[in-house]
Amino acid sequence: MAISIRPLPDSFAGEVSGLDITRPIDRTDVAAIEAGMNAHAVLVFRDQHLTDEQQIAFTLNFGELESYKSPGHIRKREDHRLGPGIADFSNLDRQGNIMSADDRVWFFKLGDRLWHSDSSFRPAPAKYSLLSGRVIPSWGANTEFADMRAAYDALDERTKAEVADLICEHSLVYSREAIGFVDLTTEEIAAFAPVRHPLVRRHPVTGRPSLFLSAHAGAIVGWTVPEARVFLRDLTEHATQREFVYSHAWKPGDLVMWDNRATMHRARRFDHREVRDVRRTTLAGQPPVRA
Ligand code: MN
């Protein structure tokens with residue numbers, strides 16, 4: 001059966017069928033998926049029961065894994081449940097038990113409930129993220145995606161002119177502060193020093209401009225902080241109207257792949273007493289180019 005990509009109903013996202021990604025795929029399929037990503041920015045693959053090794057192998061068809069010496073999260077390597085190359089977005093501790101609701105690692109994960117773009121707090125933010133659903137709670141836990149290309153296109157001309165040359169500062173400190181998680185260590189604050197990115201970025205392949213917003217963005221260069229925060233909040237509200245959003249309801253075996261250069265996303269609530277085991281591979285990107 002040949003690969004096919006069709007738009008999901010009432011959504012910018014696409015669904016891929018006719019492909020088993022637990023096995024190596026050929027160049028034609030890689031090219032078809034890349035074209036699908038450039039068109040849709042979010043692709044859904046169903047019934048792909050991947051091992052971690054298979055997920056990493058599939059991911060490597062599209063670039064190099066993101067890897068950082070400084071921690072994105074605060075857990076030491078030896079405290080990780082999973083091996084290298086794959087990030088644990090579950091609510092499980094190393095022993096496989098549901099983590100305590102007052103665990104600092106859980107506080108970091110709660111920050112993902114805010115709209116963001118992966119690694120926007122890094123000098124070179126992520127290209128694609130690939131999230132594999134292994135164990136899914138009985139209620140909630142959707143992942144939502146906002147199309148930042150459409151959000152940019154829909155701005156009025158005055159606002160387009162206003163955002164054109166703005167530079168934002170992104171830091172994990174801003175997004176954690178936004179949920180009231182403020183007792184970061186001096187070491188963490190130093191590791192999360194703000195980085196600067198253009199507010200409007202141009203996609204390196206399609207050339208399409210998009211709004212580069214994220215919960216990690218907490219300042220605009222040359223603006224006062226309150227002015228910047230309310231403007232970024234306004235823009236985020238605009239960009240996440242339902243007409244720009246795809247909400248993914250997970251089934252075990254789903255793999256969702258998104259382009260962080262053209263979308264934002266957020267995790268939704270679920271019952272913390274239930275297991276959610278989702279695992280992410282992430283491809284390294286380049287510093288964003290201003291549109
Ligand atoms: Mn994320």
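Helix α8 gives the most to the lining of the second largest pocket, with six residues. Helices here are DSSP runs of H or I with at least four residues, strands are E runs of at least two, and both are numbered from the N terminus. This is a predicted model, where local features need pLDDT of at least 70, side-chain atom pairs count only at pLDDT 80 or more, and totals for chains, interfaces and linings use all residues. Residues are numbered from 1 along each chain as its sequence is written, and side-chain values use heavy atoms, with hydrogens and water left out.

**The second largest pocket**

- A pocket is an open set of points on a 1 Å grid over the protein atoms alone, where a 1.4 Å probe fits, with protein on both sides within 12 Å along at least five of seven lines; lining residues have an atom within 4 Å of a point.
- This one holds about 520 Å³ of space, counted as what is filled by probe spheres set on points joined across faces, edges and corners.
- Its lining has 19 residues, and Leu114, Ala178, Ala215, Ala217 and Arg233 lie nearest the centre.
- At least two lining residues come from each of α6 (172-178), β11 (217-220) and α8 (225-239).
- By type, the lining splits into nine nonpolar, four polar and six charged residues; Ala, Val, Leu, Ile, Met, Phe, Trp, Tyr, Cys and Pro are nonpolar, Asp, Glu, Lys and Arg charged, and the others, Gly among them, polar.

**The manganese site**

- His116 (NE2), Asp118 (OD) and His265 (NE2) are the protein donors of the manganese ion, at 2.1 to 2.2 Å from it.
- Donors are N, O and S atoms within 2.8 Å of the metal (3.2 Å for Na, K and Ca), and as water is not among the atoms, sites may look incomplete.
- The donor residues follow the spacing H-x1-D-x146-H in sequence.
- Asp118, in the loop between α3 (104-110) and β5 (128-135), and His265, in strand β14 (residues 263-267), link distant parts of the chain, 147 residues apart.
- Both Asp118 and His265 are buried, where buried means under 20% relative accessible area, exposed over 50% and partly exposed in between (1.4 Å probe, protein chains only).

**Positive phi without glycine**

- Asp47 has a positive phi of about 55° although it is not a glycine; Asp47 sits in the loop between β3 (42-45) and α2 (52-59) and is exposed, at 61% relative accessible area.
- Ala141 has a positive phi too, near 70°; Ala141 lies in the loop between β5 and β6 (143-147) and is buried, at 2% relative accessibility.
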